[in-house]
Amino acid sequence: ILFQYDRVNPTTWAYLSSLLTLALFFKFSRFWAVRNLDLLLVILLAPGLLCVKYGLDAAGAEGAASIEVLGYVWLFAINLLLLLRMVLDSTMVRRPLLEPNLTADALAFLVIALLVFLTANVVTGTVAQADVFAAQRAEHLSHLESSQLEQSTLNTHGPGFTLVFFLPHISTQTLLGDDAPRSDLDSPGYSGARIVTARVVAIISQLLIVSGLVLVSLWHFDSVRMGIAAAALYLLLPYTAMWTGNVTHALPGALLVWAVLFYRQPLIAGALLGLLVGTIYYPVFLLPLWVSFYWRRGVWRFASGVAASISLLIVTLVFTSTDAAMFFARLQQMFGFQLPMIEGLSGAWAYWSGYYRYPLIAVFAFLSISFVPWPAQKNLGSLLSCSAALMVGTQFWHAHSGGMSLAWYLPVLLLTVFRPNLEDRVALQVVSPSRWDRSARKAA
């Protein structure tokens, strides 16, 4: 069916998808609706992405670097506006139901069609180097081997990131065998099995994001149509089309969406957030917000889930490390126990001094802690918007793809855009009391 399939040019898709987004979701009868502002902000990410994409593809050409820097500046500006929008979301009490301009059945058809073509993009596209490195590290770990690759990639991935590649790598290795043909990439580490592994995990991550958006809306918004609309908008975005196969971007976003999906079960939500923190440590700043959400009920179950997940990752490090030095290096990276890097950075920070990250990190840490007392009455709506705000904030100081890891926050941001009024979804009302709570109530 996809014989001689050619991917749509990113610039062409940016124009087409932006027009289609406006036709499907813009409320022309309520021009000044907040939803319309949200749509415009999300659409305005495209020019920055295209500039960065051009700079990366035309690296070394005259003017390419300046265009790439312009793209990063543009993305930082739009991300700042999105950050302010998410912080202010908790103050918006009135949330009129603004449904998309298309029926749920038609939106579902659009989602399925987009998933098919984006999957084709992953299958026919070039696998990102970082994702193949993670698959290669998984192979090294399965044989209790260390390598220079292990040391070089610990700065960009948490140790838990490699562990998720074990199962798909085992299956593809069984399918393709050790003598699988090499790809056309330069590095000899790009074997067929590793490339298939990276593609499998990328496709699974995107499926988890889309299914998570739909299920969150179905279970917690009482409207499957809004979830399908959020999924359709996510798949329409030029960013999703250009970076569909980047597992480093998609996997953290998938884990966060599914943590939101199970927010009524603090133990499961905590386990998913613990895995997220162990995968790539930036989301550790989400923990103060989530702990304060569960403070009146479920906090110990949530903390137990986080601790169990991280403990499991630490145990796997014990059994997959060749010596104590290797184990402690991975443990240090998992929790970010090191000074912020100022050299060897990539993304936006490849062009700017790493010292400027220090004040940004300080402001971000203050923002993370400030969500403990504010908002005082946390509900599912504030949990979504504040989580999105924190993941947007990481884009300003992320050392290796600053401004580019949009999938870290886009799913929860879109859920915030389409959510109804959720003021009654507080932990005390939606989280079932534990045995200790019931025993204390009986004693009283």
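These legends walk through several close-up views of one predicted model. Residues are numbered from 1 along each chain as its sequence is written, and side-chain values rest on heavy atoms, with hydrogens and water left out. Because the model is predicted, local features need pLDDT of at least 70 and side-chain atom pairs count only at pLDDT 80 or more, while totals for chains, interfaces and linings use all residues.

**View 1. Helix H1 packs with helix H11.**
Two packed helices are described by the angle between their axes and the distance between the axes. H1 covers residues 10–25 and H11 covers residues 224–236; helices here are DSSP runs (H or I, at least four residues), numbered from the N terminus. Their axes lie 10 Å apart at an angle of about 160°. Axes are lines fitted to C-alpha atoms, for helices over the stretch in contact, and angles run from 0 to 180 degrees between N-to-C directions. H1 and H11 are therefore roughly antiparallel to each other, a label for angles over 145 degrees. H1 passes H11 in a left-handed crossing, meaning that the near helix is turned anticlockwise from the far one by less than a right angle. On the H1 side, look for Trp13, Ser17, Leu20, Thr21, Leu24 and Phe25, which meet Ala229, Ala232, Leu233 and Leu236 in H11. Contact means heavy atoms within 4.5 Å. Sorted by class, this contact of H1 with H11 has eight nonpolar, two polar and no charged residues. Ala, Val, Leu, Ile, Met, Phe, Trp, Tyr, Cys and Pro count as nonpolar, Asp, Glu, Lys and Arg as charged, and the others, Gly among them, as polar.

**View 2. Aspartate 222 sits in the loop between helix H10 (192–221) and H11.**
Here is a backbone detail to look for: phi of aspartate 222 is near 55°, a positive value in a residue other than glycine.

**View 3. Helix H4 (residues 64–89) packs with helix H19 (residues 380–393).**
The axes of H4 and H19 are 8 Å apart, and the angle is about 155°. That makes H4 roughly antiparallel to H19. Their crossing is left-handed. From H4, Asn79, Leu83, Met86, Val87 and Asp89 meet Gly381, Ser385, Ala388, Ala389 and Val392 of H19. The contact of H4 with H19 has six nonpolar, three polar and one charged residues.

**View 4. A cis peptide bond joins tryptophan 374 and proline 375.**
Omega of this bond is about -10°. To find the spot, follow the loop between helix H18 (357–370) and H19, where proline 375 lies.

**View 5. Cysteine 51 has its place in helix H3 (residues 45–57).**
Glutamate 68 is 17 residues away from cysteine 51 along the chain, yet their C-alpha atoms are separated by 5.3 Å. Setting aside neighbours within four places in sequence, cysteine 51 is in contact with Ile67, Glu68 and Gly71.

**View 6. Helices H13 (residues 247–261) and H14 (residues 266–279) cross at roughly 165°.**
The axes of H13 and H14 come within 8 Å. That makes H13 roughly antiparallel to H14. The crossing of this pair is left-handed. Leu251, Pro252, Leu255, Leu256, Trp258 and Ala259 in H13 meet Ala269, Leu272, Leu273, Leu275, Leu276 and Thr279 in H14. By class, the contact of H13 with H14 has 11 nonpolar, one polar and no charged residues.

**View 7. The second largest pocket is lined by 18 residues.**
A pocket is an open set of points on a 1 Å grid over the protein atoms alone, where a 1.4 Å probe fits, with protein on both sides within 12 Å along at least five of seven lines; lining residues have an atom within 4 Å of a point. Val34, Arg35, Arg95, Pro96 and Leu98 lie nearest the centre of this pocket. Helix H2 (34–43) and helix H20 (410–418) each supply at least two residues of the lining, and the largest share, three residues, comes from H2. By class, the lining has 10 nonpolar, one polar and seven charged residues.

Notes
Parallel < 35°, antiparallel > 145°, perpendicular 65-115°, else oblique.
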